[in-house]
Each structure stands twice: as structure tokens, then as C-alpha cells.
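The following paragraphs lead the reader through a protein chain and its ligand. Please keep the sequence and the structure in view while reading.

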Amino acid sequence: METVVHEEERGRVLSLLQAAAKGQTRSDEMRLRRADGSYRWMQVTGAPRKEGEDLLLINCSAFDITDHRIAEEQLLALNEELEVRVAERTQKLQKAFDDLKMAQAKLLQNEKMASIGQLAAGVAHEINNPVGFIRSNLTTMGKYVDKLRAYLEELEKARDALPEERRAELNQLRKSHKISYLLEDIPDLLAESVEGADRVRTIVQNLKSFSRVDQSQYAEADINECLESTINIVWNELKYKTTLHKELGEVPRIRCYPQQLNQVFMNILVNAAQAIETQGDIWVRTFVDNDQLVVHIQDNGCGIPDEIREKIFEPFFTTKEVGKGTGLGMSISWDIVHKHGGRIDVESQVGVGTSFFIYLPLSGAPAPDDEGKDPGGR
Ligand SMILES: Nc1ncnc2c1ncn2[C@@H]1O[C@H](COP(=O)(O)OP(=O)(O)OP(=O)(O)O)[C@@H](O)[C@H]1O
Ligand SMILES: [Mg+2]
């Protein structure tokens with residue numbers, strides 16, 4: 001047996017024979033040596049032949065299954081290779097799908113911003129006109145009231161010449177209509193209304209410069225003005241819980257995509273406000289550093305832990321609860337600033353606050369290929 005059966009399968013022959021000795025017929029696969037010394041895979045069956053309780057002999061038959069085994073092994077290897085290839089393809093497909101999803105989300109976000117801009121510009125245009133005549137009518141009314149007041153004063157002087165009874169009647173009427181109070185209050189009311197109309201006018205101007213539909217693409221812009229109008233737009237998010245410190249330095253105008261930079265400032269300012277739980281400060285600074293214009297937006301909010309600092313620019317990365325953040329704000333900002341040939345740096349300490357430094361080249365953003373054409377995303 002030692003010379004015929006491959007050493008790795010000798011144990012199997014033994015158990016085959018032992019089973020046969022107990023009267024059981026068994027089959028197993030094993031390598032048997034041929035006369036030329038080569039091994040072949042055989043299906044070996046051991047069947048006992050008994051007479052009563054006595055074992056007469058064990059009938060052994062062997063069937064060559066080498067070709068079958070080889071085919072089986074080849075199939076197995078092929079299968080494994082196929083699985084690896086399928087996994088690779090799936091991975092590639094998944095990546096393509098993720099990229100597509102990201103591109104679509106960014107496109108949607110850009111479109112959303114563009115339509116908000118257009119809507120804002122439309123509303124601003126519609127409001128501008130009525131606010132204009134409200135403002136001018138109020139000024140005219142003020143002048144009319146002054147004239148009426150002068151006339152009334154003259155009438156009051158003439159009142160002394162009236163008969164006693166008529167004079168008493170007029171005095172009574174003056175009292176019951178609270179004419180003194182009205183004369184005192186009218187200028188205040190008018191001044192307040194003018195102030196209100198002026199405020200509406202400022203909001204409209206901010207909306208217009210924020211959306212910049214008039215110069216929506218590549219233009220020379222004053223970054224301080226961009227920041228001012230963006231701050232006004234997000235003021236509602238900031239005013240209740242933050243004290244804003246503006247330290248806007250003297251910076252030159254630069255060629256850029258002002259509407260897109262406004263979007264960057266808005267994202268960072270809103271994030272800063274959201275990082276402040278109850279009450280805090282936000283500093284907005286601009287200055288020139290060598291050949292860069294720097295916008296530094298700092299907050300003393302919750303801060304960003306080291307382990308997620310690198311991730312905040314990844315699309316869809318958010319630590320905000322579902323429905324509150326899409327996680328696109330910083331990735332879009334990163335794109336926009338890089339499109340300008342600039343960069344964003346972040347410094348943060350948990351419990352102390354966060355600083356975003358936006359560096360923009362003074363030489364301006366690379367010009368678009370075609371006039372008015374957006375150079376597109378990453
Ligand atoms: N000033 C900051 N202070 C603390 N964490 C911040 C600050 N700015 C960004 N982050 C962190 O970076 C993450 C990503 O910010 P990003 O603006 O991209 O998304 P988001 O604010 O969560 O959602 P949205 O798409 O609505 O802006 C935030 O969820 C937050 O964890
Ligand atoms: Mg955000």
C-alpha cells in the first residue's frame with residue numbers, strides 16, 4: 001500500500017479498509033501511483049464480501065477521476081478570479097456612482113444658489129420702485145405738514161378774535177382730538193417711516209449686490225463690500241447669539257466671481273453662528289499678506305476635533321443632525337476658492353473656537369475661457 005497510495009491519503013485507505021472490515025462499503029478519492037511513477041486521482045471503493053460473519057475478501061475498485069479533478073480545480077480558480085474581477089468592477093462602479101452623486105448634488109446646490117440669486121434680484125427690483133415713491137412721498141408729506149402747522153398756528157392766533165362761546169368750542173375740539181399731541185407725534189412718525197423705508201432700501205441694495213445678477217460672473221469686486229452685503233443677508237442667523245466684530249482693512253479690488261465668493265463667506269459665517277451654542281463672538285477681518293488678499297473669519301464656538309478637521313471639506317461630511325446640514329457648504333467653498341487660485345486654511349481648538357483663512361491672489365482669479373462662462377467645478 002505504501003508504494004501505491006500517495007502518502008497524504010494513506011490514512012484514508014486505512015479507514016476504507018477498516019469500514020469494509022465492519023461490513024461497510026465506502027468510497028473515497030485518493031492519489032494512486034502508476035507503474036511509470038506518476039500519480040492519478042482515483043475514486044476508490046472498498047466493498048466487503050462476507051460469508052456469514054466471516055469476511056472473505058475486500059473487493060477494491062478504482063476509477064480514474066484525474067481529468068475531472070483538474071477540471072474542477074480550474075473551475076474553482078476561474079470562479080475565484082471572476083469574484084475578484086466582479087469585486088473590482090463593483091468598486092469602480094460604486095466610485096463612479098459616488099462621483100456622479102456628488103457632482104449632481106453640487107450642481108443642484110449651485111443651481112439653487114443661482115435661482116436664489118435670481119429670485120433675490122427680481123424681488124429687489126420689484127421692491128425698489130414702490131420703496132422709492134414711499135420714501136419720496138414721506139419727505140413731501142413732511143413738508144406739507146410743516147406748512148399745515150404754520151397755517152394752524154396763524155389760525156390759533158386768529159382764534160382770540162372769535163366770540164367767547166365759539167372759542168371755547170374750538171378749544172374743546174382741540175383737546176378732544178389731542179391736536180397738541182398729534183402735532184408733536186407727526187414728525188416722529190414721519191421720521192420713523194423714512195428710516196423704515198431707508199432700511200428696506202438698504203436690504204434691497206444688499207440683496208442686489210449679494211446676488212449680483214447685474215455682474216453675476218467674472219468681475220472686479222471690492223471684497224469688503226462683498227462681506228458687508230453677505231453679513232447683511234445672514235444677519236438674522238447672527239444677530240441673536242453673536243457679537244460681530246468687523247475689522248475690514250484696506251484691500252485692493254480683485255478680479256473674481258463675486259457671487260460665488262459671497263456664497264463662501266455665507267457658508268463660513270453660518271457655520272460659525274451654528275458653532276456657537278448660546279452667546280459668542282465672530283470676527284471678520286480682511287488684510288493683505290504679500291501677494292494675497294486674506295479674509296479671516298473667526299469664531300469662539302465649539303471648535304473642530306482634530307480627527308475630523310481634514311474631513312470638513314469632503315462632500316456630504318456633516319456633524320449636524322439629519323435635515324439640518326447637507327455637508328456641502330465647506331466642500332463647495334473649497335471648490336470656489338481653489339477655482340480662484342486661492343486656498344482655505346483652518347485652525348481650530350475644541351472649546352476655544354475656529355478660524356478660517358481664505359487666501360485670494362491679488363492678481364485675481366484665472367479668467368474664464370469664454371466671456372461669462374463659468375469654468376465649472378472640480
Ligand atoms: N466654524 C465651525 N465650528 C465648528 N465646526 C465647524 C465649523 N465649520 C464647519 N464645521 C464642521 O464642518 C462640518 C462640515 O461643514 P459644512 O458647512 O460643509 O456642512 P454643514 O454645515 O454640516 O451642512 P451645510 O451643507 O448645511 O453647510 C460641519 O458639520 C461641522 O462639523
Ligand atoms: Mg455649513
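A pocket is here an open set of grid points, computed over the protein atoms alone, with protein on both sides within 12 Å along at least five of seven lines. In this predicted model, the largest pocket is the space that ligand 1 takes.

Which elements give two or more residues to the shell around ligand 1? They are helix H7 (258-275), helix H9 (329-339) and strand S10 (353-361). Helix H7 contributes the largest share of this shell, namely three residues. By residue type, the shell divides into nine nonpolar, nine polar and three charged residues.

Around ligand 1 there are 21 residues, of which Thr318, Thr319, Lys320, Thr326 and Met330 come nearest. Gly327 contributes through its backbone, with an N or O atom 2.9 Å from an oxygen atom of ligand 1. Taken alone, ligand 1 exposes 600 Å², and the protein buries 91% of that area.

The wider layout of the chain remains to be described. The domain assignment gives domain 1 (7-64), domain 2 (105-216) and domain 3 (217-378). Between domain 1 and domain 2, the C-alpha centres lie 111 Å apart.

Notes
Residues numbered from 1 in each chain as written. Chains lettered and ligands numbered in written order. Predicted model: local features only at pLDDT ≥ 70, side-chain atom pairs only at ≥ 80, totals over all residues. Heavy atoms only, no water. Domains from an automatic or database assignment. Near = heavy atom within 4 Å. Polar contact = N/O pair within 3.5 Å; in protein donor to acceptor, adjacent residues only side chain to side chain. Areas by Shrake-Rupley, 256 points an atom, 1.4 Å probe, with all protein chains shown as cover. 1 Å grid on protein atoms, 1.4 Å probe; cavity = no way out; pocket = protein on both sides within 12 Å on 5 of 7 lines; lining within 4 Å. Sits in = over half its atoms within 2 Å of the grid points. Helix = DSSP H or I, 4+ residues; strand = E, 2+ residues; numbered from the N terminus. Nonpolar A, V, L, I, M, F, W, Y, C, P; charged D, E, K, R; others polar.
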